[in-house]
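Please look through the sequence and the three-dimensional structure shown here before reading on.

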Amino acid sequence: MRPEDNYPMIEKRSNDVSTPFYNRRTFLVSVGLAGFGLLYNPTGLVSKAWGQGLSPTQSMRGGSNNYRPNAPLVERLGRGFVVHGNVRHARDGAPLEGVRIQIWAATTLGGEREPRNHGSVMTARDGSFQLEMEQIVPNFGQPHAHLAYDDGTYKTVFLRPVMRSASDTSVAADFILAPP
């Protein structure tokens, strides 16, 4: 008996046309290339969405009421109520540092025209700003604050966020600024 008789004969494969041209490796490479192509090109479906940036914040009706150009920079306008938010660039959402935001409201000190209720703050490195002030009280039936950006580098934005309750102790408003 010959040794080959104990083992089945191994058939040598050839590169004939019956061998499939795809396998797991070619499938994974194909999927990877297709994904790369969608991200960086051609149909533009994905790349257009990424390139659009953020929608700029639109001014709110009634937001400019009692605005004072160049309201002084302040550290606080009282205690107990915090107005805060973030300022970002519409192009890419990057935080904007050193942007002047004016804040005013009717508080326990008086109405929106009361000088002690007006002040400006500058945004920090991360685009955030904050101002502590006296408790905001309802004005024309609604407790609300006024916030504004109006320094010319970007389009002017006036906001008037309304609080849910006169007992709220903070209100937030974010700005997405775009060039004029």
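F129 is buried, its relative accessible area being 4%, where buried means under 20% relative accessible area, exposed means over 50% and partly exposed lies in between, as found with a 1.4 Å probe on protein chains only. This is a predicted model, in which local features need a pLDDT of at least 70 and side-chain atom pairs count only at pLDDT 80 or more, while totals for chains, interfaces and linings use all residues. Residues are numbered from 1 along each chain as its sequence is written, and side-chain values use heavy atoms, with hydrogens and water left out.

F175 is likewise buried, with a relative accessible area of 0%. A search of the whole structure finds four aromatic pairs, a pair being rings of Phe, Tyr and Trp (its six-membered ring) with centres within 6.5 Å, called stacked if the planes are under 30 degrees apart, edge-to-face if over 60 and tilted for the rest. The ring centres of F129 and F175 are 6.2 Å apart and the planes stand at 65°, so this pair is edge-to-face. It joins distant parts of the chain, since F129 belongs to strand β5 and F175 to strand β11, 46 residues apart; strands (E, at least two residues) and helices (H or I, at least four) are DSSP runs numbered from the N terminus. Elsewhere, ring pairs link Y67, W104 and F158 into a cluster.

In soluble globular proteins, nonpolar side chains tend to be buried together. Here the largest nonpolar core has 25 residues, and those with the most contacts inside it are I101, I103, L147, F175 and L177; such a core is a set of buried Ala, Val, Leu, Ile, Met, Phe, Trp, Tyr and Cys residues joined through side-chain atoms within 4.5 Å. At least two residues of this core come from each of β2 (81-89), β3 (100-105), β5, β8 (145-149), β9 (157-159) and β11 (175-177). Leaving aside neighbours within four places in sequence, I101 is in contact (heavy atoms within 4.5 Å) with residues including V87, T123, F129, L147 and F175.

T123 sits in the loop between β4 (118-122) and β5 and is buried, with a relative accessible area of 6%. A polar atom of the T123 side chain lies 2.9 Å from the backbone nitrogen of G98, and the T123 side chain also reaches the backbone nitrogen of V99 at 2.9 Å. Not counting residues up to four places away in sequence, T123 touches, among others, V87, L96, I101 and F129.

What does a search of the whole structure find in the way of salt bridges? There are three, a salt bridge being a side-chain nitrogen of Lys or Arg within 4 Å of a carboxyl oxygen of Asp or Glu. In one of them E132 pairs with R76, the closest N and O atoms being 3.4 Å apart. Because E132 lies in strand β5 (residues 128-133) and R76 in strand β1 (residues 76-77), the pair ties together parts that are 56 residues apart in sequence. E132 is partly exposed at 22% relative accessible area, and R76 is partly exposed at 39%. E114 forms a salt bridge with R116, with closest N and O atoms 2.9 Å apart; E114 counts as partly exposed at 22% relative accessibility, and R116 is partly exposed at 46%. D92 forms a salt bridge with R91, where the closest N and O atoms are 3.5 Å apart; D92 is partly exposed, at 48%, whereas R91 counts as exposed, at 56%.

Note on methods. A polar contact is a pair of N or O atoms within 3.5 Å; within protein, one must be able to donate a hydrogen and the other to accept it, and residues adjacent in sequence count only if both atoms are side-chain atoms.
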